[in-house]
Amino acid sequence: LWLVVERGDGSVCTSHPGFDTDVTVTTEPVELMRVFSGIVTLRQARASGLIEVVGQPGLVRQFPGWFLWSPFAPAVRTRIGAG
């Protein structure tokens, strides 16, 4: 899948959209779901090798801010003691 983010607007493409790739994320979909839902943090998933984010350093640092994570994530992390 490709995520195209331009001027704060994002779209998901199932075929190559024709743009250069600035950041590549390698993971299984379930691992991204675990981060989204708050079961693990993105930092934890990256540290354990479950999610790899590579690209221009500035964009890699910005990557966590590209998403609206689940509003329940903080409560989930508190409940399971992950954060």
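**Close-up views of a predicted model**

There are four helices and four strands in the protein, shown here as a predicted model. The legends below go from the whole chain to single residues.

View 1. The protein has 83 residues, and buried residues make up 20% of them. Where contacts join residues at least 6 apart in sequence, 53% of these contacts link residues that are at least 24 apart.

**View 2. The hairpin formed by β1 and β2.** Strand β1 covers residues 2–6, and strand β2, which takes in residues 9–13, pairs with β1 in the antiparallel sense over five bridges. Within this pairing, glutamate 6 stands opposite aspartate 9, the latter belonging to β2. Two residues lie between the strands, and arginine 7, which is in the turn, has a positive phi of about 55°.

**View 3. The largest pocket, with a volume of about 950 Å³.** The pocket is lined by 23 residues, and those that lie nearest its centre are Leu1, Trp2, Leu3, Val4 and Val23. Strand β1, the hairpin strand of the previous view, gives the most to this lining, with five residues, while β1, β3 (23–27) and α1 (29–37) each supply at least two. By residue type, the lining divides into 16 nonpolar, three polar and four charged residues.

**View 4. Helix α1 and the elements that cover its buried residues.** In this helix Glu31, Val35 and Ser37 are buried, and what covers the buried residues of α1 includes β3, α2 (42–47), β4 (51–55) and α4 (73–80). The helix is followed by glycine 38, whose phi is positive, near 95°.

**View 5. Glutamate 31 in helix α1.** Is glutamate 31 buried or exposed? Glutamate 31 counts as buried because its relative accessibility is 15%, and the cut-off for buried is under 20%. If its neighbours within four places in sequence are left aside, glutamate 31 is in contact with Leu50 and Ile51.

**View 6. Serine 70 in the loop between α3 (57–62) and α4.** Although serine 70 lies in a loop, this residue counts as buried because its relative accessibility is 9%. The side chain of serine 70 reaches the backbone nitrogen of phenylalanine 72 at 3.0 Å. When residues up to four places away in sequence are not counted, serine 70 touches Phe36 and Ser37, and Ser37 is itself among the buried residues of α1.

**View 7. Arginine 43 in helix α2.** Arginine 43 and alanine 73 are 30 residues apart in sequence, and from C-alpha to C-alpha they are 14 Å apart in space.

Notes
Residues numbered from 1 in each chain as written. Predicted model: local features only at pLDDT ≥ 70, side-chain atom pairs only at ≥ 80, totals over all residues. Heavy atoms only, no water. 1 Å grid on protein atoms, 1.4 Å probe; cavity = no way out; pocket = protein on both sides within 12 Å on 5 of 7 lines; lining within 4 Å. Points joined across faces, edges and corners; volume = space filled by probe spheres on them. Nonpolar A, V, L, I, M, F, W, Y, C, P; charged D, E, K, R; others polar. Buried < 20%, exposed > 50% of the residue type's maximum accessible area, 1.4 Å probe, protein only. Contact = heavy atoms within 4.5 Å. Pairing = 2+ DSSP bridges. Polar contact = N/O pair within 3.5 Å; in protein donor to acceptor, adjacent residues only side chain to side chain.
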